[in-house]
Amino acid sequence: MAAASKQEDIHKPVLRKETPSILALGKLFPQSKTLDHAVRFLSQVRGTDKTLMVVQYFSKILIWYFLKRGRESTAQRVRNLAGPISDFRILLRYYGLLPLIQWMQYVDNTPSSSPLLLFVDRLQNICNLIYYPLEHIYWLGAHEVIPITMEKTNKIAIWSCRFWAAYVVLQFVHLAEEYRLYKTRLHSVEAQVRAADLKAKETGEPVDKTVYKAELAALKAEKAGILINTIINTGYMPLTVHWSLEKSSFPDVGVGIFGGIAAVAQFYITWKST
């Protein structure tokens, strides 16, 4: 037994104390769930796009601010950043038709909550089916990848934004119908809760409200989603009208403000979903 114990001691690994190293830079950064979340967020195209969107639109406000104070060179440097970002965001949407086709399949193969929602979804799909190719052609023409005159390129850009504007208008109808359906379901659940309370009062037996609480929580989340999407759509509305007109007096700082509102709201939604 003593010999076996001695043999085990011989093969037992020796734990050495780790020697501090100036090369161990990872020790300087504590483990962080926020960092993990940010990596997941920025690893997705949507996350990168929403981050750049925030920078793009708030850059317009900064440009206005610096120009008001006579700092033209600083404003130009911000422009030099915002221009490529805007261009790159258009390029990032190169794959837009693929998820659109998936969504179209889903819409036409899944029962809808109401006939109006189905009708609006289909109209919006048609708008996007025209919008994306026009935007792609605009980008290729603007970069002289395909031989299109600048005049025709600009017209294509305007028409692509008109279909985007049509989508945004339809989205207000969509959101209004979503809210109507939400209110109907909310009243139904509240009526069930009242009926359960009345029954408990009559019988003297407690009622399990777990299911009702879950339904009310889901409805609360649905209401928050409708609200945030209404904010996003409201931010987009003046931009789509502005870019749909051949001549518009809407100020660039206004584009920054409304676009910034939509950008922050979309950043929030995308962050929460990753």
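This is a predicted model: local features need pLDDT of at least 70, side-chain atom pairs count only at pLDDT 80 or more; totals for chains, interfaces and linings use all residues.

Biologist: Let's start with helix H4. How many residues does helix H4 have, and what span is expected for it at 1.5 Å a residue?

Modeller: H4 runs over residues 72-92, which makes 21 residues. From first C-alpha to last it reaches 30 Å, close to the 30 Å expected.

Biologist: Which residues of H4 are buried?

Modeller: They are Thr74, Ala75, Val78, Ala82, Ile85, Arg89, Ile90 and Leu92. Look down the axis of H4 and these buried residues fall within an arc of 140°, so they line one face of the helix.

Biologist: Why do residues three or four places apart point the same way in an α-helix?

Modeller: Because an α-helix has 3.6 residues a turn.

Biologist: And what does the buried side of H4 pack against?

Modeller: Helix H3 (45-68) and helix H6 (115-142). The face turned away from that buried side carries the exposed residues Arg77 and Pro84.

Biologist: Now to H6. Why is asparagine 125 called buried?

Modeller: Asparagine 125 has 5% relative accessibility, and buried means under 20%, so asparagine 125 counts as buried. Asparagine 125 lies in helix H6. Leaving aside neighbours within four places in sequence, asparagine 125 is in contact with Leu100, Trp103, Met104 and Val107.

Biologist: What makes isoleucine 130 partly exposed?

Modeller: Isoleucine 130, also in helix H6, has a relative accessible area of 32%. Buried would need under 20% and exposed over 50%, so with 32% isoleucine 130 is partly exposed. In space, isoleucine 130 and tryptophan 159 are 9.3 Å apart, C-alpha to C-alpha, although 29 residues separate them in sequence.

Biologist: What does leucine 118 touch, not counting residues up to four places away in sequence?

Modeller: Leucine 118, found in helix H6, touches Val107 and Ser112. The C-alpha atoms of leucine 118 and histidine 174 are separated by 9.3 Å, and the two residues are 56 apart along the chain.

Biologist: How do you know whether glutamate 144 is buried or exposed?

Modeller: Compare the value with the cut-off. Glutamate 144 has a relative accessible area of 69%, and exposed means over 50%, so glutamate 144 is exposed.

Biologist: How does the reach of helix H7 compare with the span expected at 1.5 Å a residue?

Modeller: H7 covers residues 150-203, has 54 residues and reaches 78 Å from its first C-alpha to its last, close to the 80 Å expected. Just after H7, glycine 204 takes a positive phi of about 80°.

Biologist: At what angle do helices H8 and H9 pack?

Modeller: H8 (residues 210-244) and H9 (residues 252-273) pack at about 145°, with their axes 8 Å apart. H8 passes H9 in a left-handed crossing. Among the residues that meet are Ile228, Tyr236 and Trp243 in H8, with Val255, Phe258 and Ile269 in H9. By class, that contact has 14 nonpolar, six polar and no charged residues.

Biologist: Last one: what makes threonine 270 buried?

Modeller: Threonine 270 has a relative accessible area of 1%, and the cut-off for buried is under 20%, so threonine 270 is buried. Threonine 270 is found in helix H9. Leaving aside neighbours within four places in sequence, threonine 270 is in contact with Phe41, Arg46, Gly47 and Lys50.

How values were computed: Residues are numbered from 1 along each chain as its sequence is written. Side-chain values use heavy atoms; hydrogens and water are left out. Helices (H or I, at least four residues) and strands (E, at least two) are DSSP runs, numbered from the N terminus. The expected span of a helix is 1.5 Å times one less than its number of residues. Buried means under 20% relative accessible area, exposed over 50%, partly exposed in between (1.4 Å probe, protein chains only). The arc is that of the directions from the helix axis to the C-beta atoms. Contact means heavy atoms within 4.5 Å. Axes are lines fitted to C-alpha atoms, for helices over the stretch in contact, and angles run from 0 to 180 degrees between N-to-C directions. A crossing is left-handed if the near helix is turned anticlockwise from the far one by less than a right angle, and right-handed if clockwise. Ala, Val, Leu, Ile, Met, Phe, Trp, Tyr, Cys and Pro count as nonpolar, Asp, Glu, Lys and Arg as charged, and the others, Gly among them, as polar.
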